[in-house]
Amino acid sequence: MSFVHLHVHTEYSTDGMSNIMSLFEKVRNLEMPGLAITDHGTLAGVPEFLKTAEEFPTVKPIVGCECWLGDPSRTKTYHLILLAKNLIGYKNLVKLSNIANTEGLYPNDSRPHISAASLAEHCEGLICTSACIGGEIPQLILAGDMAAAKEAAAWYKSIFGDDFYLEVALHRNFGPVKLSEADNRQAYLKSVHELNRLQKKADAGIFEIAQELGIKVIATNDVHFVNREDGVAHDVMRAIQHGKSMSNPKRIRYSHLEYMKTEEEMRRLFPEHPEVIENTMEVLEKVERYSIWGELEVPEICENPKEKLREAVFAGAEERFGEVTDEIWERLDYEINLLCKKGCANYILMIKDLVDWVHSNNWVVGPGRNVSASSMVNYCLGITGVDPVKHELVFERFYNWDKDGVPSIDLDVEPAAQEKVLGYLKEKYGQDCVAEITSFEYLYHGEARRKALKKLGNGEEALEVTSKLETVISGSHIHPCGILVSTKPLTDIIPLSYGVSEYEAKFTDKIGILRLNVLQLRELRILQDIMYSIEREYGILIEPEYLPLDDKDTLDLFARGDTVGVFQFGSEMMREHLRNLKPDHFADLVVLETMTRPGIYHMIPHYIARKHGDESFVCEHDELRETLGLMIYQEQEMKISKHYGCDTFPKAHALCYTLIAYQMAWYKANYPHEFYESLLNGYMGKAWELDAILQDAAAHHVHLIPPDKTESGLFEVVKS
Ligand SMILES: [Zn+2]
Ligand SMILES: [Zn+2]
């Protein structure tokens with residue numbers, strides 16, 4: 001085959017619908033040796049593109065972008081295609097993208113623009129093509145100014161030399177085009193004829209300039225969707241984006257032909273110019289294979305991290321335990337050695353620093369998340385709040401010799417702390433080394449269907465379109481908890497848009513940029529508020545961390561399912577399980593909390609029956625004694641079979657979350673006034689929760705004055 005598509009929009013372009021995997025599959029089926037990605041003004045699709053390319057060894061990936069060219073003094077914005085030849089070119093693409101996203105956002109046009117000057121400065125390693133009829137040269141040709149068009153072409157040639165190509169495209173129709181039944185056929189024909197008229201005029205001018213200036217020409221199809229039959233779905237997607245009806249004659253229409261054409265189809269468009277097909281192969285040959293992935297780099301927090309870690313852990317151990325037993329020394333020594341030998345000391349100290357900062361502001365950090373509570377080092381450093389020896393948590397679930405990189409320590413903090421954490425990290429590690437991350441969104445099936453039906457008003461067609469739309473990126477938001485912390489300025493490594501990484505978290509991980517996950521947990525604040533209000537009312541300080549785990553009133557509250565408002569245990573379903581189980585010690589609660597996860601949910605009735613002697617069982621392993629012979633915890637599975645699967649769940653996480661629940665329940669059982677008041681004020685603005693809690697409070701004879709009738713603007717308990 002001797003043609004490759006060099007102008008291709010994926011679903012990462014607002015007006016693109018192509019799924020990257022489907023593009024590669026089609027290219028492989030067509031036996032084309034390469035494929036480019038050229039989304040509008042964004043590189044967001046590049047990591048997925050390169051990762052997918054790894055599965056298609058016969059297809060060489062070409063990373064590029066269809067940029068917007070313009071500067072504030074110019075009134076016009078032009079399209080321009082840039083393709084990276086090698087890693088230098090890729091890095092320049094990233095650089096140009098970052099310049100466009102800072103200096104290139106104009107008050108009258110918020111799209112990221114590249115200026116001619118910055119293009120000239122960062123042209124190394126890049127191939128440039130003149131783009132669609134939205135490009136500068138075609139636009140000048142269409143305006144009838146051939147002299148200016150030639151001048152522009154000469155300028156690009158002076159910058160890119162033989163790596164500058166002129167582009168021709170023709171969305172001409174050789175067979176019947178399927179339109180939506182709701183579409184306006186007349187309007188479609190009018191717009192496609194106009195498009196062809198412009199393309200033909202631009203192409204003629206391009207061939208003339210090419211000959212005169214000795215510039216090679218390539219053919220492209222400005223691909224926006226994979227297959228010809230996707231044209232209707234693409235058209236509906238655009239109508240949805242523009243909020244226009246399908247029949248609206250003024251709607252922006254595409255030709256329905258912006259799909260991945262075969263080489264034969266492409267050749268048929270330019271029968272007089274076979275070279276425009278073959279020249280795409282010359283471009284492909286110029287492109288090298290390279291990788292953008294790398295090893296994880298962790299910022300250095302101090303000079304001797306290993307020594308510092310040891311010192312901090314020992315100091316923490318003495319504070320936690322007073323007298324440190326041999327067993328604990330041994331465990332600490334083992335953990336520290338392993339973590340230091342695997343190069344994790346810096347990372348652990350970073351997390352400790354973050355936790356210390358949260359505490360220094362009198363904010364709360366949760367007792368642990370995922371498997372972080374399995375480490376005695378974490379406990380001694382104050383990163384986690386439960387003693388892993390006492391609760392029989394397995395360190396190897398947190399980290400072991402077989403793991404690469406650093407263990408992931410996610411933090412739960414109260415909302416006020418989470419809002420400020422980005423600022424703190426920027427201050428600590430450098431403004432330009434810290435950033436948030438984009439997450440992409442898809443339409444839910446129901447939403448896609450509702451929108452398709454609204455546009456098409458026809459069951460069958462809408463059904464087909466729905467199935468295509470629901471798999472296409474429809475928007476983006478900021479990752480709720482991930483923050484990148486890099487050793488060097490992020491703009492040198494990845495594209496940022498409004499200061500947020502355009503690449504998704506899974507790809508920044510693969511590139512080797514450290515990600516910290518800091519999540520909000522409002523219950524942490526509620527617990528503090530309860531503690532303070534008890535202190536104000538009774539003059540005693542009852543810290544949640546030190547509550548006895550065998551309080552009879554608290555366990556009774558759980559056993560009668562009186563857990564409305566209690567973290568993780570408040571749902572109707574959970575209350576029913578509690579009433580059946582009648583838990584009489586803390587460990588029962590951890591088991592139940594764990595079993596709410598898919599994969600082990602079906603074990604709940606068995607655990608309950610075994611607890612009450614209604615089901616017999618034998619414990620084949622000692623490890624299963626605590627769960628009455630059922631394999632529930634990943635820690636159990638690790639001890640028994642040296643690995644764990646997805647049908648078990650980390651006890652470490654369940655234990656920490658159950659602890660938060662227990663603390664709330666303890667306050668509810670012992671200080672109901674303070675409990676309800678803080679809970680309601682903590683859930684302010686969440687109508688559904690408020691209603692249920694108010695009803696529950698009334699059932700417990702606690703009456704509250706609503707916020708609009710109090711001076712503080714908060715819920716207040718009616719004092720009897
Ligand atoms: Zn374009
Ligand atoms: Zn395009």
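This is a predicted model: local features need pLDDT of at least 70, side-chain atom pairs count only at pLDDT 80 or more; totals for chains, interfaces and linings use all residues.

**Helix and domain packing**

Of the contacts (C-beta atoms within 7 Å) between residues at least 6 apart in sequence, 72% join residues at least 24 apart.

Residues are numbered from 1 along each chain as written, with chains lettered from A and ligands numbered from 1 in written order. Local features need pLDDT of at least 70 and side-chain atom pairs 80 or more, whereas totals for chains, interfaces and linings use all residues.

An automatic or database assignment gives domain 1 (20–286), domain 2 (305–437 + 475–521) and domain 3 (523–717). Between domain 2 and domain 3, whose C-alpha centres lie 26 Å apart, the contact takes 21 residues from domain 2 and 17 residues from domain 3. On the side of domain 2 that touches domain 3, helix H15 (395–398) and strand E8 (411–413) each supply at least two residues; by class, that side divides into 10 nonpolar, 6 polar and 5 charged residues (nonpolar being Ala, Val, Leu, Ile, Met, Phe, Trp, Tyr, Cys and Pro, charged Asp, Glu, Lys and Arg, and polar the others, Gly among them).

Helix H11 (residues 305–321) packs on helix H12 (residues 326–341) at an angle of about 155°, with axes 11 Å apart (lines fitted to C-alpha atoms over the stretch in contact, angles from 0 to 180 degrees between N-to-C directions), so H11 is roughly antiparallel to H12 (over 145 degrees). Lys306, Leu309, Arg310, Val313, Ala317 and Phe321 of H11 make this contact with Ile328, Leu332, Ile336 and Cys340 of H12, and these residues divide into 8 nonpolar, no polar and 2 charged.

Helix H21 (residues 552–559) and helix H26 (residues 651–670), in turn, pack at about 100° with their axes 8 Å apart, which means that H21 is roughly perpendicular to H26 (65 to 115 degrees). Here Asp553, Thr554, Leu557 and Phe558 of H21 meet Tyr662, Ala665, Trp666, Lys668, Ala669 and Asn670 of H26, and this contact has 6 nonpolar, 2 polar and 2 charged residues.

Definitions and conventions. Two residues are in contact if their C-beta atoms, placed from the backbone, lie within 7 Å. Helices (H or I, at least four residues) and strands (E, at least two) are DSSP runs, numbered from the N terminus. Angles under 35 degrees count as roughly parallel, over 145 as roughly antiparallel, 65 to 115 as roughly perpendicular and the rest as oblique.
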